[in-house]
Amino acid sequence: MTDRRTSLAELRHTAAHVLAYAVQDLFPDAKPTIGPAIENGFYYDFDRLQPFTPEDLEQLEQRMNEIVKANYEMTGQRVTREQAVDRFANNPYKVEIAREIPEGEPITLYTIGEFTDLCRGGHAHTTGEIGALKLMNVAGAYWHGDEHNPMLQRIYGTAWYTKEELDAYLLQLEEAAKRDHRKLGQELDLFSVEEEAGGGLIFWHPKGAVMRGIVENFIREGLRERGYEPVVTPHVVHEKLYDISGHLENYAENMFGPLEVEEQRFRLKPMNCPGHILIYKSKLHSYRELPIRYSEFGTVYRFERSGVLHGLTRVRGFTQDDAHLFCTPDQLQGEFEQTLDEALRLMNAFGFSEFEYALSTREPHLRTETDPVGEEAIRKALESRGLPYVIDEGGGAFYGPKLDIMLRDAIGRKWQLGTVQVDFVLPKRFDLKYRGPERDETPVMIHRALAGSMERFFGILIEHFGGNFPAWLAPIQAVITPISEHQLDYAHGVRKALHERGFRVEVDESNEKLGKKIAVWKTQKVPYILVAGKQEAADGTVNVNERGVDTKRSATVEQFAGELQTKVDTKQ
RNA sequence: GCCGCCGUAGCUUAGUGGUAAAGCACGUCUUUGGUAAAGACGAGAGCGCGAGUUCAAUCCUCGCCGGCGGCUCCA
């Protein structure tokens, strides 16, 4: 043992070796390739003709536990490139790795028991340090992540210091599954995807649509305050527009194919920018007008491969809270920073606090001399707000660098939501101009979608709240449940009073006992259940059963309305 | 798209080589009930779609479609 505690990553990396050892024992025909530690666990990719079955995984897990129990020491050995290539002569993957290790870097082999792997190191000292492990699933994965390469079989697993930690992790996964927006979307009747219509196309049900409207209104408020002008553009436009914009050249694989009408080719719009550009271009502009800010809840369609579609977070048709700013180069920095501030306001209002920023640069072959200007604007904006960020080399849009705001879903998968992008390219391609004090100039564009897409934002929102939406967002804010049908008239009177004040309220008219009604509305996660019995009808009150609060209380309809109004005003 | 797993009433699930069962939801009735699920009756699927094997397929085989987990890609 050692005086230094083995890190979780080292522990998991060791578990990957243990897995490869077990595979070598039970499935000698499988060729091990690579097996790193990842967040929450590890994986190992094997090249094997026959797929691993769930039963195989059980066997492997058993064998792994034996290897752990045997408490083999992990021993390292430095070798030459030739020795490594020789040692793994029957495994082309290992040979490739050995050949690609840069000159001067040590090449090491690590051994546990009867299994030796080519590996740069970073392990536990003994296999016995692994307190608990579990194989999770098998998946296909391409060698080096390139779909032109052979597909390998990736076995995912998790490993922990103790059994308790493993159990806690598995429980956490179960809990996360309950927050899954696809599950809640069905249970709360918010949205659906219909087989007859096709994957990745979202049907917003009444309750989901109500919530979407609330989000949209919030965003519209911000846009109005910051001087954006709403515009509306067509969903289908002539293909030549995307020829000019460069989408056909750079983005065609993400676009739906052409629609031919009267020998003309049309396309579903994959982005809103060209439309907004045409509006800008429809007349002459003076520098005195800038910045011009066009906003639109613009629905776009992008072809996504069937295997990547996922609930609301990865779809084929979605609506961006999109806007394009046309400004002078001098205005770029200020406009960019204001946009970032607005993004922060949005995230904050919806209760998101944990997100990450990424500065994505353009792919090297697309870079131009203006890229550093855009990157610098993004960097300065982030740094002036004290926001930490990572750099995503080559992850930018085809027309420029961008700042992305990433959020995690319930099980920790990262999704890109808001994006603010600097664009010197499209203004040139479309030959955009504004009249300067002395001569015509080319404006700079900022593309921005702060929620990103209404679909993805809503998906993350559902998981964030686990369906327990605050009253200002909840599709039904309160339900009035009469105890017997004798209070139905009273209940409708209360509903009318609350409805007239703008609240979303329903009456439960079902012929059920109170307990049943309460149970139903609790599972629907309604913020307030207002019980109206004989007593309440006589007093002009309701008995307030608030979500998450154990005690009930009596309130007049006016009192309750005031309380709810406060919640709505403060967005709680 | 690729690899693996899955596909039975609106939902959740049981089940079998001889044309399918339950709970919830739904409808009717009884009940008029005080804070997480009252009772009775009823209707509802030919078991994702197509082909094949078989005397016979929801169950076996193949293809397709859809979903899930990954890979790759992105808002």
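The surface near RNA strand B has, by class, 19 nonpolar, 24 polar and 19 charged residues; here Ala, Val, Leu, Ile, Met, Phe, Trp, Tyr, Cys and Pro count as nonpolar, Asp, Glu, Lys and Arg as charged, and the others, Gly among them, as polar. The model is predicted, and local features need pLDDT of at least 70, side-chain atom pairs count only at pLDDT 80 or more, and totals for chains, interfaces and linings use all residues. Residues are numbered from 1 along each chain as its sequence is written, while chains are lettered from A and ligands numbered from 1 in the order in which they are written.

Of the 62 residues around RNA strand B, those that come nearest are Gly-140, Gly-199, Gly-307, Gly-452 and Gly-533 (a residue is near if its C-beta atom, placed from the backbone, lies within 6 Å of the strand). Helix H16 (514–523) is among the elements that supply at least two residues of this surface, and H16 gives the largest share, 8 residues. Other elements supplying at least two include strand E7 (132–142), helix H14 (454–465) and E27. Helices (H or I, at least four residues) and strands (E, at least two) are DSSP runs, numbered from the N terminus.

Strand E27 (residues 541–546) runs antiparallel to strand E28 (residues 553–556), joined to it by 4 bridges; two strands pair if DSSP finds at least two bridges between them. In this pairing Val-542 stands opposite Ala-555 of E28. The two strands form a hairpin with 6 residues between them, and Gly-548 in the turn has a positive phi of about 85°.

A further sheet is open and antiparallel, with 3 strands in the order E4-E5-E6. Its edge strands, E4 (75–79) and E6 (115–118), each pair on one side only. From one strand to the next the twist averages 25°. Helix H1 (residues 8–26) packs on this sheet, touching E5 and E6, and its direction makes about 125° with that of E6 (axes are lines fitted to C-alpha atoms, for helices over the stretch in contact, and angles run from 0 to 180 degrees between N-to-C directions). Between E5 (residues 107–112) and E6 there are 4 bridges, and Ile-112 stands opposite Phe-115.

Turning to contacts, Ala-451 touches Val-215, Ile-219, Asp-321, Leu-346, Leu-417, Gly-418 and Phe-457, not counting residues up to four places away in sequence; contact means C-beta atoms, placed from the backbone, within 7 Å.

Methods
Contact = placed C-beta atoms within 7 Å.
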